[in-house]
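Dear colleague,

I am passing on the structure below, together with some notes on what was found in it. Please keep it open while you read.

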Amino acid sequence: MARYKIGYRTLKTAIGTAAAIIIAQFFGLNFYASAGIITILCIQSSKKKSLKTAYARFVACILGIGFSFIFFEGIAYHPLVIGLLLLLFIPVTVLFKVSEGVVTSSVIILHIYSGHQITAGIVLNEVSLIVIGIGTALLVNLYMPSLDSKLKQYQVEIEKNFRKIFEEMVSYLRTNESRWMGNEITETAGLLEEAKSLAFRNVENHFLRSENYFYHYFQIREKQFEIIERVLPIVTSIEPLVKQRYMIADFLEVVSSSIHPGNTAQQLLMRLYELQDQFKNEPLPETREEFEARAQLFQLIKEMEQYLLIKKALKVESKGISNPSF
């Protein structure tokens with residue numbers, strides 16, 4: 001039997017809806033259940049998104065009240081007038097970039113239509129429903145569970161896959177043979193996509209900062225992964241077992257073992273530059289095949305240089321978390 005699990009958003013929606021209806025009913029508002037509907041519509045997956053949605057719905061509702069007065073009092077309380085009103089109202093919400101509030105404001109418009117009149121009391125009732133519904137949603141959405149543990153798990157999985165990929169490249173350079181199926185490539189691509197999405201949601205849960213450690217971390221990993229994808233075909237296309245293959249293999253082995261917290265790219269860059277100097281001092285290739293192999297190995301070195309330089313190009317602020325490995 002599948003395990004039934006209630007998410008935080010579901011729990012907040014249930015609590016918020018009930019609270020909004022109780023408050024609206026306590027104050028004796030007409031259509032008090034609508035406060036619960038507004039709360040449901042305003043609860044989002046992040047704090048920033050919730051605030052943005054709340055703003056859009058509030059503005060749209062106020063516009064809806066204004067349109068109701070103009071159309072219902074100015075023309076008539078008739079179903080055809082509702083259609084005409086929405087025909088003009090929806091483009092206006094798009095113009096003001098508050099189209100998310102069309103559904104909520106339509107509820108308010110239909111309340112006014114049901115009453116067949118607009119008075120100060122009716123306007124106050126509708127505004128109160130809006131404030132209670134939106135306010136309750138914002139209050140319950142103040143609590144967002146920490147995503148750090150999930151993000152750290154993604155970090156661990158991605159680093160493990162990076163190590164595996166480098167280990168397979170090292171093995172192929174030394175033996176010119178491989179039984180590796182390459183599952184880590186597709187798996188890493190998926191992990192990076194999921195991790196970046198979750199990290200962005202984590203950023204959206206902080207009002208006072210637009211960036212964080214994990215979001216930058218996965219950006220860097222994504223760029224490094226693009227380089228790995230370019231390096232793999234180079235590695236597999238080097239045919240002759242020239243001795244420079246073993247030198248590159250030794251370096252990639254060090255890179256693989258250095259994928260752990262606390263590592264710095266500078267040390268690896270220095271070692272790479274030393275390797276590059278060694279290549280320059282080697283005797284010129286004697287055959288065409290050896291020349292092509294050396295050229296591909298030189299290209300591989302250039303790609304690995306970019307791999308290591310990415311850390312410098314994108315500054316990462318750890319925010320109290322151990323520095324990432326690159």
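How are helix 3 and helix 6 oriented to each other, roughly parallel or roughly antiparallel? They are roughly antiparallel (angles over 145 degrees count as such, those under 35 as roughly parallel), because the axes of helix 3 (residues 47-74) and helix 6 (residues 120-140) cross at roughly 175° and come within 10 Å. Contact between them (heavy atoms within 4.5 Å) involves, among others, Arg57, Phe58 and Cys61 of helix 3 and Glu126, Ile130 and Leu138 of helix 6.

Please note that this is a predicted model, in which local features need pLDDT of at least 70 and side-chain atom pairs count only at pLDDT 80 or more, while totals for chains, interfaces and linings use all residues. Residues are numbered from 1 along each chain as its sequence is written, and side-chain values use heavy atoms, with hydrogens and water left out.

As for the record, an unreviewed UniProt entry places "transmembrane region" at residues 20-43, 55-76, 82-110 and 122-144, although such annotations may be inferred rather than shown by experiment. In the model, residues 55-76 are 91% helix and 0% strand, with end C-alpha atoms 30 Å apart, and residues 122-144 are 83% helix and 0% strand, with end C-alpha atoms 35 Å apart.

Turning to the cysteines, the structure holds 0 disulfides (pairs of cysteine sulfur atoms within 2.5 Å). For Cys42, the nearest cysteine sulfur is that of Cys61, 8.2 Å away. Cys42 counts as buried at 0% relative accessibility, and Cys61 is likewise buried at 0% (buried means under 20% relative accessible area, with a 1.4 Å probe and protein chains only).

Best regards

Terms used: Helix = DSSP H or I, 4+ residues; strand = E, 2+ residues; numbered from the N terminus. Axes fitted to C-alpha atoms, helices over the stretch in contact; angles between N-to-C directions. Parallel < 35°, antiparallel > 145°, perpendicular 65-115°, else oblique. Buried < 20%, exposed > 50% of the residue type's maximum accessible area, 1.4 Å probe, protein only.
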